[in-house]
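Let me put the sequence and the structure up, and then we can walk through them together.

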Amino acid sequence: MKRERTVVILTIVLAAMLVFAPFLPNWTMFLFTVALCYGIVVLGMMLLIRTGLVSFGHGLYYCLGAYAAGTLEPLFGITELAVMLGSAVAICAGVSAILALLLRRYRDIFFAMLSLAFSMILYGLLVKTSSLGSTDGFNVTVKTMLGVHIAGTAYERYLIFAVTALIAWVCAVLIHRYLNSHRGRLAEAIRDNELRVEYMGASVANTIHLNYVMSAILAGLGGALMAVSVGHIDPEMAYWTTSGEFVFISILSGTGSVLAPFLGATIFESIRSFAYEYSPNTWQMALGAAMLLVIMFLPGGLWSLFRRSGRSAM
Amino acid sequence: MSVILESRQLRKTFGAVTAAADINVSIEADTVVGLIGSNGAGKTTFLNMVTGYLKPSSGSIRFDGRDITALGPRQITRLGICRSFQIPQLFDTLSVSDNLLVGVGIVASAGKNWANAASTQGTPSDAVETMLERFGLQPYREMAAGTLPEGVRKLLDIAMAMVVRPRILLLDEPTSGVSAEEKFTLMDLVMDAVRAQKVTVLFVEHDMEVVTRYTHRVLAFSEGRIIADGEPTTVLNDAEVRKYIIGETFHAKRRGGHAQA
(Lines give C-alpha, C1' and ligand atoms only; values in the text may rest on other atoms or scores of the structure.)
Protein backbone atom coordinates (compact mmCIF):
# COMPACT_ATOMS: atom_id res chain seq x y z
CA MET A 1 0.00 0.00 0.00
CA LYS A 2 2.87 2.33 0.90
CA ARG A 3 4.37 1.76 -2.53
CA GLU A 4 1.13 2.67 -4.30
CA ARG A 5 0.61 5.66 -2.02
CA THR A 6 3.80 7.22 -3.36
CA VAL A 7 2.66 6.75 -6.96
CA VAL A 8 -0.77 8.19 -6.12
CA ILE A 9 0.83 11.25 -4.47
CA LEU A 10 3.14 11.73 -7.43
CA THR A 11 0.19 11.51 -9.84
CA ILE A 12 -1.90 13.98 -7.83
CA VAL A 13 1.00 16.45 -7.70
CA LEU A 14 1.58 16.06 -11.44
CA ALA A 15 -2.10 16.58 -12.24
CA ALA A 16 -2.27 19.63 -9.97
CA MET A 17 0.82 21.13 -11.59
CA LEU A 18 -0.49 20.58 -15.12
CA VAL A 19 -3.89 22.04 -14.28
CA PHE A 20 -2.76 25.07 -12.28
CA ALA A 21 0.44 25.98 -14.11
CA PRO A 22 -1.28 27.98 -16.89
CA PHE A 23 -2.66 30.31 -14.20
CA LEU A 24 0.73 30.92 -12.62
CA PRO A 25 2.90 33.89 -13.50
CA ASN A 26 5.73 33.08 -15.89
CA TRP A 27 8.43 33.45 -13.25
CA THR A 28 6.71 30.92 -11.00
CA MET A 29 6.32 28.43 -13.83
CA PHE A 30 9.99 28.91 -14.65
CA LEU A 31 10.95 28.40 -11.01
CA PHE A 32 9.03 25.12 -10.94
CA THR A 33 10.59 24.01 -14.23
CA VAL A 34 14.08 24.64 -12.88
CA ALA A 35 13.18 22.87 -9.62
CA LEU A 36 11.90 19.86 -11.56
CA CYS A 37 15.11 19.71 -13.61
CA TYR A 38 17.18 19.84 -10.43
CA GLY A 39 14.85 17.31 -8.84
CA ILE A 40 15.49 14.81 -11.65
CA VAL A 41 19.26 15.18 -11.18
CA VAL A 42 18.97 14.83 -7.40
CA LEU A 43 16.76 11.76 -7.87
CA GLY A 44 19.81 10.16 -9.46
CA MET A 45 22.01 11.42 -6.62
CA MET A 46 19.56 9.84 -4.18
CA LEU A 47 19.97 6.49 -5.90
CA LEU A 48 23.75 6.70 -5.43
CA ILE A 49 23.52 7.94 -1.84
CA ARG A 50 21.25 4.99 -1.01
CA THR A 51 24.02 2.79 -2.40
CA GLY A 52 26.45 4.52 -0.02
CA LEU A 53 28.13 6.73 -2.62
CA VAL A 54 28.20 10.51 -2.81
CA SER A 55 29.18 11.99 -6.16
CA PHE A 56 30.76 15.42 -6.16
CA GLY A 57 30.85 15.33 -9.94
CA HIS A 58 27.32 14.89 -11.20
CA GLY A 59 27.72 18.20 -12.96
CA LEU A 60 29.55 16.06 -15.53
CA TYR A 61 26.36 14.36 -16.71
CA TYR A 62 24.19 17.40 -16.13
CA CYS A 63 26.44 19.35 -18.48
CA LEU A 64 26.98 16.43 -20.86
CA GLY A 65 23.22 15.97 -21.19
CA ALA A 66 22.76 19.67 -21.88
CA TYR A 67 25.51 19.75 -24.52
CA ALA A 68 24.32 16.45 -26.07
CA ALA A 69 20.92 18.09 -26.57
CA GLY A 70 22.17 21.57 -27.43
CA THR A 71 24.80 20.66 -30.00
CA LEU A 72 22.32 18.82 -32.22
CA GLU A 73 21.23 22.06 -33.87
CA PRO A 74 24.69 23.48 -34.68
CA LEU A 75 25.97 20.07 -35.77
CA PHE A 76 22.97 18.48 -37.53
CA GLY A 77 20.26 21.15 -37.57
CA ILE A 78 18.04 19.07 -35.26
CA THR A 79 15.66 21.04 -33.01
CA GLU A 80 13.17 18.30 -32.12
CA LEU A 81 12.83 17.95 -28.33
CA ALA A 82 12.40 14.16 -28.30
CA VAL A 83 15.60 13.65 -30.30
CA MET A 84 17.47 16.12 -28.08
CA LEU A 85 16.41 14.28 -24.93
CA GLY A 86 17.17 10.91 -26.53
CA SER A 87 20.63 12.14 -27.42
CA ALA A 88 21.26 13.26 -23.82
CA VAL A 89 20.17 9.88 -22.48
CA ALA A 90 22.28 7.93 -24.97
CA ILE A 91 25.45 9.98 -24.47
CA CYS A 92 25.20 9.97 -20.67
CA ALA A 93 24.44 6.23 -20.60
CA GLY A 94 27.43 5.50 -22.83
CA VAL A 95 29.92 7.72 -21.00
CA SER A 96 28.77 6.62 -17.54
CA ALA A 97 28.89 2.93 -18.49
CA ILE A 98 32.57 3.40 -19.37
CA LEU A 99 33.51 5.60 -16.40
CA ALA A 100 31.69 3.29 -13.99
CA LEU A 101 34.19 0.55 -14.84
CA LEU A 102 36.73 2.62 -12.92
CA LEU A 103 34.52 4.42 -10.40
CA ARG A 104 32.81 1.29 -9.10
CA ARG A 105 36.12 0.25 -7.57
CA TYR A 106 36.25 3.29 -5.26
CA ARG A 107 34.30 4.30 -2.18
CA ASP A 108 33.85 7.28 0.13
CA ILE A 109 36.04 10.33 -0.49
CA PHE A 110 37.92 8.59 -3.32
CA PHE A 111 34.71 8.05 -5.27
CA ALA A 112 33.61 11.62 -4.56
CA MET A 113 36.92 13.16 -5.64
CA LEU A 114 37.34 10.96 -8.71
CA SER A 115 33.86 11.86 -9.92
CA LEU A 116 34.71 15.53 -9.27
CA ALA A 117 37.88 15.14 -11.32
CA PHE A 118 35.95 13.81 -14.32
CA SER A 119 33.50 16.71 -14.20
CA MET A 120 36.37 19.22 -14.06
CA ILE A 121 38.00 17.56 -17.07
CA LEU A 122 34.80 18.18 -19.06
CA TYR A 123 34.70 21.74 -17.75
CA GLY A 124 38.29 22.28 -18.87
CA LEU A 125 37.60 20.82 -22.31
CA LEU A 126 34.50 22.96 -22.87
CA VAL A 127 36.23 26.14 -21.69
CA LYS A 128 38.96 25.54 -24.28
CA THR A 129 36.56 24.65 -27.11
CA SER A 130 35.85 27.88 -28.94
CA SER A 131 33.57 26.19 -31.49
CA LEU A 132 31.15 25.49 -28.59
CA GLY A 133 31.33 29.06 -27.33
CA SER A 134 34.08 28.50 -24.80
CA THR A 135 33.15 30.07 -21.41
CA ASP A 136 30.17 31.91 -22.99
CA GLY A 137 28.46 28.74 -24.16
CA PHE A 138 25.68 29.05 -26.71
CA ASN A 139 21.91 29.30 -27.08
CA VAL A 140 19.71 26.25 -27.39
CA THR A 141 16.54 26.27 -29.46
CA VAL A 142 13.64 23.83 -29.50
CA LYS A 143 11.41 24.24 -32.50
CA THR A 144 9.28 21.10 -32.47
CA MET A 145 7.90 18.70 -29.93
CA LEU A 146 7.03 15.30 -31.45
CA GLY A 147 6.79 17.07 -34.80
CA VAL A 148 4.49 19.86 -33.60
CA HIS A 149 5.91 23.35 -34.01
CA ILE A 150 6.12 25.13 -30.63
CA ALA A 151 8.84 27.77 -31.04
CA GLY A 152 7.48 31.28 -30.50
CA THR A 153 3.95 30.09 -29.70
CA ALA A 154 1.99 31.37 -26.71
CA TYR A 155 2.04 27.95 -25.04
CA GLU A 156 5.75 27.22 -25.57
CA ARG A 157 6.71 27.90 -21.93
CA TYR A 158 3.80 25.84 -20.61
CA LEU A 159 4.55 22.90 -22.92
CA ILE A 160 8.18 22.78 -21.84
CA PHE A 161 7.05 22.89 -18.22
CA ALA A 162 4.48 20.14 -18.85
CA VAL A 163 7.00 17.88 -20.58
CA THR A 164 9.50 18.44 -17.76
CA ALA A 165 6.84 17.60 -15.16
CA LEU A 166 5.76 14.50 -17.09
CA ILE A 167 9.34 13.27 -17.45
CA ALA A 168 9.98 13.97 -13.76
CA TRP A 169 6.88 11.90 -12.92
CA VAL A 170 8.01 9.00 -15.13
CA CYS A 171 11.53 9.08 -13.63
CA ALA A 172 10.20 9.21 -10.06
CA VAL A 173 7.78 6.31 -10.63
CA LEU A 174 10.45 4.19 -12.35
CA ILE A 175 13.02 4.82 -9.62
CA HIS A 176 10.39 4.16 -6.97
CA ARG A 177 9.55 0.82 -8.61
CA TYR A 178 13.24 0.02 -8.96
CA LEU A 179 14.03 0.77 -5.31
CA ASN A 180 11.27 -1.59 -4.26
CA SER A 181 12.43 -4.37 -6.59
CA HIS A 182 14.80 -7.16 -5.56
CA ARG A 183 17.71 -5.52 -7.34
CA GLY A 184 16.87 -2.03 -6.08
CA ARG A 185 16.75 -3.26 -2.51
CA LEU A 186 20.41 -4.24 -2.88
CA ALA A 187 21.37 -0.54 -2.86
CA GLU A 188 20.83 -0.12 0.87
CA ALA A 189 22.24 -3.57 1.55
CA ILE A 190 25.46 -2.56 -0.24
CA ARG A 191 25.61 0.69 1.74
CA ASP A 192 25.37 -1.33 4.97
CA ASN A 193 27.58 -4.32 4.25
CA GLU A 194 29.22 -5.11 0.89
CA LEU A 195 30.88 -8.26 2.18
CA ARG A 196 27.55 -9.78 3.12
CA VAL A 197 26.00 -8.92 -0.23
CA GLU A 198 28.77 -10.85 -2.01
CA TYR A 199 28.35 -13.77 0.40
CA MET A 200 24.65 -13.81 -0.39
CA GLY A 201 25.48 -14.28 -4.05
CA ALA A 202 24.94 -10.80 -5.54
CA SER A 203 27.51 -8.67 -7.35
CA VAL A 204 28.29 -5.41 -5.57
CA ALA A 205 30.26 -4.09 -8.55
CA ASN A 206 27.48 -4.78 -11.06
CA THR A 207 24.82 -3.22 -8.85
CA ILE A 208 26.91 -0.09 -8.30
CA HIS A 209 27.58 0.05 -12.05
CA LEU A 210 23.88 -0.15 -12.87
CA ASN A 211 22.91 2.43 -10.25
CA TYR A 212 25.65 4.78 -11.43
CA VAL A 213 24.49 4.58 -15.05
CA MET A 214 20.87 5.17 -14.06
CA SER A 215 21.97 8.10 -11.93
CA ALA A 216 23.96 9.55 -14.84
CA ILE A 217 21.00 9.19 -17.22
CA LEU A 218 18.81 11.12 -14.78
CA ALA A 219 21.46 13.84 -14.45
CA GLY A 220 21.73 14.03 -18.24
CA LEU A 221 17.96 14.29 -18.64
CA GLY A 222 17.87 17.03 -16.00
CA GLY A 223 20.63 18.89 -17.83
CA ALA A 224 18.94 18.57 -21.23
CA LEU A 225 15.61 19.77 -19.86
CA MET A 226 17.37 22.67 -18.14
CA ALA A 227 19.05 23.56 -21.44
CA VAL A 228 15.76 23.75 -23.32
CA SER A 229 14.03 25.57 -20.44
CA VAL A 230 16.70 28.23 -20.01
CA GLY A 231 17.64 28.29 -23.70
CA HIS A 232 21.32 28.63 -22.98
CA ILE A 233 24.17 26.35 -21.88
CA ASP A 234 27.73 27.00 -20.77
CA PRO A 235 30.60 25.08 -19.15
CA GLU A 236 29.54 26.28 -15.67
CA MET A 237 27.11 23.36 -15.74
CA ALA A 238 30.09 21.03 -15.23
CA TYR A 239 31.82 23.24 -12.69
CA TRP A 240 32.30 21.86 -9.17
CA THR A 241 29.94 24.41 -7.63
CA THR A 242 27.09 23.03 -9.74
CA SER A 243 27.86 19.50 -8.49
CA GLY A 244 28.00 21.00 -5.00
CA GLU A 245 24.47 22.34 -5.43
CA PHE A 246 23.24 18.83 -6.20
CA VAL A 247 24.91 17.52 -3.04
CA PHE A 248 23.40 20.47 -1.15
CA ILE A 249 19.88 19.64 -2.37
CA SER A 250 20.41 15.93 -1.64
CA ILE A 251 21.26 16.68 1.99
CA LEU A 252 18.43 19.20 2.21
CA SER A 253 15.96 16.65 0.79
CA GLY A 254 16.91 13.41 2.47
CA THR A 255 16.75 10.03 0.77
CA GLY A 256 13.57 8.62 2.27
CA SER A 257 11.39 8.87 -0.81
CA VAL A 258 11.48 9.69 -4.51
CA LEU A 259 9.32 12.68 -3.65
CA ALA A 260 12.08 14.16 -1.48
CA PRO A 261 14.40 15.40 -4.27
CA PHE A 262 11.60 17.40 -5.87
CA LEU A 263 10.55 18.88 -2.54
CA GLY A 264 14.17 19.75 -1.73
CA ALA A 265 14.83 21.21 -5.18
CA THR A 266 11.69 23.38 -5.01
CA ILE A 267 12.64 24.74 -1.59
CA PHE A 268 16.25 25.26 -2.65
CA GLU A 269 15.22 27.13 -5.79
CA SER A 270 12.64 29.20 -3.89
CA ILE A 271 15.13 30.21 -1.18
CA ARG A 272 17.71 31.08 -3.83
CA SER A 273 15.26 33.12 -5.93
CA PHE A 274 13.82 35.08 -3.02
CA ALA A 275 17.18 35.54 -1.30
CA TYR A 276 18.66 36.78 -4.58
CA GLU A 277 15.71 39.14 -5.09
CA TYR A 278 15.69 40.64 -1.59
CA SER A 279 19.34 40.28 -0.61
CA PRO A 280 21.40 40.10 -3.80
CA ASN A 281 24.75 40.48 -2.03
CA THR A 282 24.18 37.93 0.70
CA TRP A 283 21.92 35.31 -0.89
CA GLN A 284 24.52 32.59 -0.27
CA MET A 285 24.18 33.33 3.45
CA ALA A 286 20.47 32.53 3.29
CA LEU A 287 21.22 29.18 1.62
CA GLY A 288 23.95 28.45 4.15
CA ALA A 289 21.62 29.25 7.04
CA ALA A 290 18.96 26.96 5.58
CA MET A 291 21.49 24.13 5.32
CA LEU A 292 22.68 24.74 8.86
CA LEU A 293 19.13 24.54 10.19
CA VAL A 294 18.43 21.33 8.30
CA ILE A 295 21.62 19.64 9.50
CA MET A 296 20.99 20.71 13.10
CA PHE A 297 17.30 19.92 13.35
CA LEU A 298 16.55 17.52 10.48
CA PRO A 299 19.69 15.44 9.91
CA GLY A 300 17.63 13.02 7.81
CA GLY A 301 16.67 15.89 5.48
CA LEU A 302 13.35 17.62 4.94
CA TRP A 303 11.73 14.32 4.12
CA SER A 304 12.15 13.17 7.72
CA LEU A 305 9.34 15.63 8.56
CA PHE A 306 6.97 13.31 6.72
CA ARG A 307 8.16 10.07 8.24
CA ARG A 308 6.58 8.62 11.33
CA SER A 309 9.48 6.34 12.20
CA GLY A 310 13.19 6.20 11.51
CA ARG A 311 12.78 3.70 8.68
CA SER A 312 12.44 4.73 5.04
CA ALA A 313 8.72 4.58 4.67
CA MET A 314 8.22 5.25 1.03
CA MET B 1 26.69 -41.39 1.86
CA SER B 2 28.01 -39.43 -1.12
CA VAL B 3 30.91 -37.01 -0.79
CA ILE B 4 29.73 -33.41 -1.29
CA LEU B 5 32.93 -31.50 -0.47
CA GLU B 6 36.48 -32.61 -0.95
CA SER B 7 39.86 -30.93 -0.51
CA ARG B 8 43.11 -32.35 -1.84
CA GLN B 9 46.58 -31.21 -0.75
CA LEU B 10 45.10 -27.86 0.22
CA ARG B 11 47.77 -25.42 1.28
CA LYS B 12 47.80 -21.74 2.23
CA THR B 13 50.85 -19.74 3.17
CA PHE B 14 51.19 -16.11 4.19
CA GLY B 15 54.87 -15.36 3.63
CA ALA B 16 56.79 -17.69 5.95
CA VAL B 17 53.65 -18.68 7.88
CA THR B 18 51.81 -21.83 6.81
CA ALA B 19 48.16 -21.40 7.75
CA ALA B 20 46.99 -24.62 6.09
CA ALA B 21 49.26 -27.53 5.18
CA ASP B 22 48.17 -30.26 2.80
CA ILE B 23 44.61 -30.62 4.04
CA ASN B 24 42.94 -33.74 2.62
CA VAL B 25 39.37 -34.13 3.69
CA SER B 26 36.10 -35.50 2.30
CA ILE B 27 32.78 -34.36 3.73
CA GLU B 28 29.72 -36.56 3.25
CA ALA B 29 26.35 -35.01 2.45
CA ASP B 30 23.85 -34.45 5.27
CA THR B 31 26.42 -34.65 8.05
CA VAL B 32 27.34 -32.14 10.74
CA VAL B 33 31.09 -31.70 11.04
CA GLY B 34 32.83 -29.74 13.78
CA LEU B 35 36.17 -28.01 13.21
CA ILE B 36 38.14 -27.55 16.41
CA GLY B 37 41.58 -26.18 17.16
CA SER B 38 43.31 -23.45 19.06
CA ASN B 39 43.51 -19.90 17.64
CA GLY B 40 45.65 -19.82 14.49
CA ALA B 41 45.28 -23.58 13.92
CA GLY B 42 43.87 -23.07 10.40
CA LYS B 43 40.13 -23.66 10.90
CA THR B 44 38.94 -20.30 9.63
CA THR B 45 41.58 -20.33 6.89
CA PHE B 46 40.07 -23.62 5.71
CA LEU B 47 36.58 -22.08 5.83
CA ASN B 48 37.81 -18.99 3.98
CA MET B 49 39.35 -21.13 1.23
CA VAL B 50 36.20 -23.20 0.80
CA THR B 51 34.09 -20.04 0.47
CA GLY B 52 36.49 -18.37 -1.96
CA TYR B 53 37.56 -15.53 0.35
CA LEU B 54 41.14 -16.83 0.27
CA LYS B 55 42.75 -18.49 -2.72
CA PRO B 56 44.79 -21.59 -1.81
CA SER B 57 48.53 -21.46 -2.48
CA SER B 58 48.19 -24.99 -3.88
CA GLY B 59 45.79 -27.91 -3.89
CA SER B 60 42.17 -28.15 -4.94
CA ILE B 61 38.63 -28.00 -3.59
CA ARG B 62 35.79 -29.89 -5.24
CA PHE B 63 32.13 -29.36 -4.48
CA ASP B 64 29.75 -32.01 -5.74
CA GLY B 65 32.45 -33.16 -8.18
CA ARG B 66 33.13 -29.66 -9.54
CA ASP B 67 36.44 -27.87 -9.04
CA ILE B 68 35.69 -24.61 -7.19
CA THR B 69 39.28 -23.71 -6.24
CA ALA B 70 39.44 -20.64 -8.49
CA LEU B 71 35.92 -19.34 -7.88
CA GLY B 72 35.06 -16.23 -5.84
CA PRO B 73 32.63 -16.01 -2.90
CA ARG B 74 29.69 -14.98 -5.09
CA GLN B 75 29.99 -17.89 -7.51
CA ILE B 76 30.54 -20.35 -4.67
CA THR B 77 27.46 -19.06 -2.85
CA ARG B 78 25.44 -19.50 -6.02
CA LEU B 79 26.55 -23.12 -6.22
CA GLY B 80 25.21 -23.73 -2.72
CA ILE B 81 28.03 -23.13 -0.21
CA CYS B 82 26.97 -20.40 2.21
CA ARG B 83 28.45 -19.14 5.43
CA SER B 84 27.83 -17.22 8.59
CA PHE B 85 30.44 -15.13 10.38
CA GLN B 86 32.10 -15.02 13.78
CA ILE B 87 31.11 -11.34 13.96
CA PRO B 88 27.59 -11.20 12.46
CA GLN B 89 27.56 -9.47 9.08
CA LEU B 90 24.15 -7.83 8.85
CA PHE B 91 22.52 -4.93 7.07
CA ASP B 92 22.30 -2.83 10.20
CA THR B 93 19.91 -0.12 9.04
CA LEU B 94 17.43 -2.58 7.54
CA SER B 95 14.79 -4.44 9.51
CA VAL B 96 15.20 -8.13 10.30
CA SER B 97 12.65 -9.12 7.66
CA ASP B 98 14.30 -6.85 5.08
CA ASN B 99 17.67 -8.46 5.84
CA LEU B 100 16.14 -11.79 4.87
CA LEU B 101 14.21 -10.30 1.95
CA VAL B 102 17.49 -9.14 0.39
CA GLY B 103 18.64 -12.77 0.26
CA VAL B 104 15.31 -14.03 -1.05
CA GLY B 105 15.45 -11.35 -3.73
CA ILE B 106 18.94 -12.32 -4.80
CA VAL B 107 17.89 -15.95 -5.28
CA ALA B 108 14.71 -14.90 -7.11
CA SER B 109 16.62 -12.53 -9.43
CA ALA B 110 19.24 -15.15 -10.24
CA GLY B 111 16.61 -17.68 -11.36
CA LYS B 112 18.23 -20.57 -13.20
CA ASN B 113 21.69 -19.23 -12.35
CA TRP B 114 21.13 -20.33 -8.75
CA ALA B 115 22.01 -24.01 -8.30
CA ASN B 116 19.55 -24.70 -5.49
CA ALA B 117 16.83 -22.20 -6.46
CA ALA B 118 14.39 -25.02 -7.28
CA SER B 119 14.09 -25.76 -3.57
CA THR B 120 12.52 -22.32 -3.02
CA GLN B 121 8.78 -22.55 -2.56
CA GLY B 122 6.10 -19.87 -2.40
CA THR B 123 6.41 -16.11 -2.68
CA PRO B 124 9.37 -14.08 -1.38
CA SER B 125 7.35 -13.05 1.68
CA ASP B 126 6.52 -16.74 2.35
CA ALA B 127 10.24 -17.55 2.28
CA VAL B 128 10.94 -14.71 4.73
CA GLU B 129 8.11 -15.83 7.04
CA THR B 130 9.38 -19.42 7.03
CA MET B 131 12.85 -18.29 8.00
CA LEU B 132 11.58 -15.90 10.70
CA GLU B 133 9.58 -18.78 12.17
CA ARG B 134 12.39 -21.35 11.97
CA PHE B 135 14.83 -19.08 13.75
CA GLY B 136 12.33 -17.61 16.24
CA LEU B 137 12.85 -14.12 14.84
CA GLN B 138 9.19 -13.06 14.52
CA PRO B 139 9.26 -10.78 17.60
CA TYR B 140 12.13 -8.83 16.04
CA ARG B 141 10.88 -8.65 12.44
CA GLU B 142 10.46 -4.85 12.30
CA MET B 143 13.52 -4.01 14.41
CA ALA B 144 16.60 -2.62 12.70
CA ALA B 145 19.33 -5.27 12.70
CA GLY B 146 21.77 -2.82 14.27
CA THR B 147 19.65 -2.64 17.42
CA LEU B 148 19.39 -6.40 18.10
CA PRO B 149 20.96 -8.18 21.09
CA GLU B 150 24.03 -10.28 20.25
CA GLY B 151 22.32 -13.67 20.41
CA VAL B 152 19.62 -12.54 17.99
CA ARG B 153 22.26 -11.02 15.68
CA LYS B 154 23.95 -14.43 15.56
CA LEU B 155 20.66 -16.12 14.69
CA LEU B 156 19.89 -13.57 11.98
CA ASP B 157 23.38 -13.97 10.55
CA ILE B 158 22.83 -17.72 10.21
CA ALA B 159 19.27 -17.24 8.92
CA MET B 160 20.68 -14.95 6.19
CA ALA B 161 22.97 -17.76 5.10
CA MET B 162 20.09 -20.25 5.15
CA VAL B 163 17.70 -18.03 3.20
CA VAL B 164 19.85 -18.27 0.06
CA ARG B 165 19.22 -22.03 -0.12
CA PRO B 166 22.60 -23.58 0.75
CA ARG B 167 23.55 -27.21 0.30
CA ILE B 168 26.51 -26.73 2.63
CA LEU B 169 26.42 -24.28 5.51
CA LEU B 170 29.67 -23.12 7.08
CA LEU B 171 29.34 -21.58 10.52
CA ASP B 172 32.23 -19.68 12.05
CA GLU B 173 31.94 -19.92 15.83
CA PRO B 174 28.13 -19.77 15.99
CA THR B 175 28.02 -19.60 19.79
CA SER B 176 30.83 -17.10 20.40
CA GLY B 177 29.53 -14.03 22.19
CA VAL B 178 26.36 -15.89 23.17
CA SER B 179 25.61 -16.52 26.84
CA ALA B 180 25.98 -20.04 28.24
CA GLU B 181 22.19 -20.24 28.75
CA GLU B 182 21.44 -19.24 25.16
CA LYS B 183 23.99 -21.35 23.29
CA PHE B 184 22.02 -24.62 23.24
CA THR B 185 18.78 -22.81 22.36
CA LEU B 186 20.58 -21.14 19.47
CA MET B 187 22.15 -24.38 18.27
CA ASP B 188 18.84 -26.28 18.59
CA LEU B 189 17.15 -23.69 16.36
CA VAL B 190 19.99 -23.84 13.84
CA MET B 191 20.05 -27.63 13.74
CA ASP B 192 16.25 -27.83 13.34
CA ALA B 193 16.49 -25.42 10.40
CA VAL B 194 19.39 -27.37 8.92
CA ARG B 195 17.44 -30.63 9.13
CA ALA B 196 14.37 -29.00 7.57
CA GLN B 197 16.41 -27.89 4.56
CA LYS B 198 18.64 -31.01 4.41
CA VAL B 199 21.87 -29.04 4.62
CA THR B 200 25.37 -30.33 5.30
CA VAL B 201 27.04 -28.33 8.08
CA LEU B 202 30.65 -27.53 8.90
CA PHE B 203 31.15 -25.41 11.94
CA VAL B 204 34.13 -23.95 13.72
CA GLU B 205 33.64 -24.08 17.47
CA HIS B 206 35.66 -23.66 20.65
CA ASP B 207 32.93 -24.89 22.98
CA MET B 208 33.49 -28.65 23.28
CA GLU B 209 30.05 -29.20 24.84
CA VAL B 210 28.48 -27.81 21.68
CA VAL B 211 30.81 -29.88 19.49
CA THR B 212 30.03 -33.10 21.39
CA ARG B 213 26.32 -32.48 21.34
CA TYR B 214 25.73 -31.47 17.74
CA THR B 215 28.32 -33.08 15.44
CA HIS B 216 28.63 -36.43 13.71
CA ARG B 217 32.29 -35.95 13.03
CA VAL B 218 35.11 -33.72 14.27
CA LEU B 219 38.19 -32.44 12.45
CA ALA B 220 40.89 -31.29 14.87
CA PHE B 221 43.31 -28.68 13.48
CA SER B 222 46.73 -27.81 14.80
CA GLU B 223 49.36 -25.67 13.06
CA GLY B 224 47.49 -25.84 9.75
CA ARG B 225 47.13 -29.65 9.77
CA ILE B 226 44.34 -32.04 10.65
CA ILE B 227 45.70 -34.03 13.57
CA ALA B 228 42.56 -36.07 14.27
CA ASP B 229 39.43 -36.92 12.28
CA GLY B 230 36.56 -39.09 13.46
CA GLU B 231 33.57 -39.36 15.77
CA PRO B 232 33.38 -36.62 18.43
CA THR B 233 34.05 -38.82 21.45
CA THR B 234 36.99 -40.50 19.71
CA VAL B 235 38.59 -37.25 18.58
CA LEU B 236 38.04 -35.40 21.83
CA ASN B 237 39.63 -38.25 23.76
CA ASP B 238 42.60 -38.42 21.40
CA ALA B 239 45.87 -37.82 23.24
CA GLU B 240 47.19 -35.21 20.79
CA VAL B 241 43.89 -33.33 20.71
CA ARG B 242 43.78 -33.26 24.50
CA LYS B 243 47.36 -32.07 24.66
CA TYR B 244 47.23 -29.35 21.97
CA ILE B 245 43.59 -28.23 21.82
CA ILE B 246 41.18 -28.99 24.64
CA GLY B 247 43.35 -29.70 27.66
CA GLU B 248 43.48 -32.74 29.89
CA THR B 249 40.52 -31.84 32.10
CA PHE B 250 37.75 -32.12 29.49
CA HIS B 251 35.93 -35.47 29.32
CA ALA B 252 33.89 -35.95 26.19
CA LYS B 253 30.61 -37.82 26.34
CA ARG B 254 27.66 -37.43 24.01
CA ARG B 255 24.72 -35.58 25.45
CA GLY B 256 21.28 -34.81 24.10
CA GLY B 257 21.61 -36.80 20.88
CA HIS B 258 20.97 -33.82 18.57
CA ALA B 259 23.59 -34.96 16.12
CA GLN B 260 21.80 -38.13 15.07
CA ALA B 261 20.74 -37.86 11.45
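One term before anything else: I'll call a residue buried when its relative accessible area is under 20%, exposed when it is over 50%, and partly exposed in between, using a 1.4 Å probe and counting protein chains only. Please keep in mind that this is a predicted model, so local features need pLDDT of at least 70 and side-chain atom pairs count only at pLDDT 80 or more, while totals for chains, interfaces and linings use all residues. Residues are numbered from 1 along each chain as its sequence is written, chains are lettered from A and ligands numbered from 1 in the order in which they are written, and side-chain values use heavy atoms, with hydrogens and water left out.

Let's begin with salt bridges. By that I mean a side-chain nitrogen of Lys or Arg within 4 Å of a carboxyl oxygen of Asp or Glu. How many salt bridges does the structure hold over all chains? There are 21.

Here is one in chain B: Glu209(B) pairs with Lys183(B), and their closest N and O atoms are 3.4 Å apart. This pair links distant parts of the chain, with Glu209(B) in helix H7 (residues 208-214) of chain B and Lys183(B) in helix H6 (residues 180-197) of chain B, 26 residues apart. When I say helix or strand, I mean a DSSP run, H or I with at least four residues for helices and E with at least two for strands, numbered from the N terminus. Is Lys183(B) buried or exposed? Lys183(B) is buried, because its relative accessible area is 9%. Glu209(B) has a relative accessible area of 28%, so Glu209(B) is partly exposed.

Next, Glu28(B) forms a salt bridge with Arg217(B), the closest N and O atoms being 3.5 Å apart. Glu28(B) sits in strand E2 (residues 17-28) of chain B and Arg217(B) in strand E9 (residues 217-222) of chain B, so this pair ties together parts that are 189 residues apart in sequence. Arg217(B) is buried at a relative accessible area of 14%, whereas Glu28(B) is partly exposed at 24%.

Over in chain A, Arg107(A) forms a salt bridge with Glu194(A), and here the closest N and O atoms are 2.4 Å apart. Arg107(A) lies in the loop between helix H5 (81-103) and H6 of chain A, and Glu194(A) in helix H9 (residues 194-199) of chain A, so the pair ties together parts that are 87 residues apart in sequence. Both partners are partly exposed: Arg107(A) has a relative accessible area of 22% and Glu194(A) has 29%. Chain A also has a network of salt bridges linking Arg50(A), Glu188(A), Arg191(A) and Asp192(A).

Now for some helices in chain B. Which residues of helix H1 are buried? They are Lys43(B), Thr45(B), Phe46(B), Leu47(B), Asn48(B), Met49(B) and Val50(B). That is seven of the eight residues in H1(B), which spans residues 43-50, and the helix is mostly covered. Just after H1(B), Gly52(B) takes a positive phi of about 85°.

Ala161(B) and Cys82(B) are 79 residues apart in sequence, and their C-alpha atoms are 5.6 Å apart in space. For contrast, look at Pro149(B), in the loop between helix H4 (124-134) and H5 of chain B. Pro149(B) and Asp67(B) are 82 residues apart along the chain, and their C-alpha atoms are separated by 39 Å. Pro149(B) is partly exposed, at 41% relative accessibility.

Finally, a word on backbone angles. Most residues other than glycine have a negative phi. Lys198(B) counts as exposed, because its relative accessibility is 66%. Asp30(B) also has a positive phi, near 60°. Asp30(B) belongs to the loop between E2 and strand E3 (32-37) of chain B, and Asp30(B) is partly exposed, with a relative accessible area of 44%.
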